[in-house]
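Biologist: I am new to this structure and would like to learn how to read it. Could you take me through it feature by feature?

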Amino acid sequence: MFNCENDLRDIAINLLNSAGVYYKEKDDANRLLIRYYTFCEKYVFPKKRSVYLSKELQSKIGSFPKHVYDAMIKIQQWVETGEDINCFQSKGLYGKGSRDYQNALYGVIHLHLSPSKDDAKPVIQSDGFSKRSEYLLFAKFRNDAAYFIDVLHHPDILTPNNQAGIEWTSSTILLI
């Protein structure tokens, strides 16, 4: 017998499995589809893109430590050549780890600025991600363009004991 909700649940599970996204077996179709949609909103499909730096980022680029500047330039080069840069995202990309609140609110992702200027390709650790870093690049990706918005110190993690997670949803990112 035809059951739309069960069919949607099966479709969502197949999509999540094909993308390697974590989910809970007990999740209903609605939650599974939201999880897949969230993944699709965050995932940067590898393709060549033009990169544009915000005027705010351009104005402070000279104040970055050299390794931060080099890492940003390396990610810019990889974006322009179509390299897969998803390893620099948060571990929440595949449904584990913390949520990206600025992505949910503004469509912005953050990338860890850990590459070295000498890296030919992104260095990926055993967990499928790059080394975490002290600085993050906040960016918005479109089909043919990447907008580098700002570089900031890694905000504190939002936990029940630490409500400082407001840094993740700073309106400054939205305004830029």
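Biologist: How many bridges join β3 to β4?

Modeller: Strands of a sheet pair through backbone hydrogen bonds, either parallel or antiparallel. Here β3 (135-141) and β4 (145-153) run antiparallel and are joined by seven bridges. Strands are DSSP runs of E, at least two residues long, and helices are runs of H or I of at least four, numbered from the N terminus; two strands pair if DSSP finds at least two bridges between them. Y135 stands opposite H153 in β4, and a hairpin of three residues connects β3 to β4.

Modeller: A word on the source: this is a predicted model, where local features need pLDDT of at least 70 and side-chain atom pairs count only at pLDDT 80 or more, while totals for chains, interfaces and linings use all residues. Residues are numbered from 1 along each chain as its sequence is written, and side-chain values use heavy atoms, with hydrogens and water left out.

Biologist: In what order do the four strands form the sheet?

Modeller: The order is β1-β4-β3-β2, in an open sheet with mixed pairing. β1 and β2 (109-112) are at the edges with a single partner strand each, so one side of each has no neighbour in the sheet. β2 pairs with β3 in the antiparallel sense over four bridges, and H112 stands opposite L136 in β3.

Biologist: Why is β3 largely enclosed by the rest of the structure?

Modeller: Because six of its seven residues are buried, meaning under 20% relative accessible area; exposed is over 50%, and partly exposed lies in between (1.4 Å probe, protein chains only).

Biologist: Where does K47 lie, and which residues does K47 touch?

Modeller: K47 is in the loop between α2 (29-42) and β1 (50-53). K47 counts as partly exposed because its relative accessibility is 29%. Leaving aside residues up to four places away in sequence, K47 touches V79, G82, N143 and D144, where contact means heavy atoms within 4.5 Å. K47 and G82 are 35 residues apart in sequence, yet their C-alpha atoms are 3.9 Å apart in space.

Biologist: Which residues lie nearest the centre of the second largest pocket?

Modeller: Rolling a probe the size of a water molecule over the atoms shows where empty space is left. A pocket is an open set of points on a 1 Å grid over the protein atoms alone, where a 1.4 Å probe fits, with protein on both sides within 12 Å along at least five of seven lines; lining residues have an atom within 4 Å of a point. This pocket is lined by 15 residues, with C40, E41, Y43, F141 and R142 nearest its centre. α2 and β3 are the elements that give two or more residues to its lining.

How values were computed: Axes are lines fitted to C-alpha atoms, for helices over the stretch in contact, and angles run from 0 to 180 degrees between N-to-C directions.
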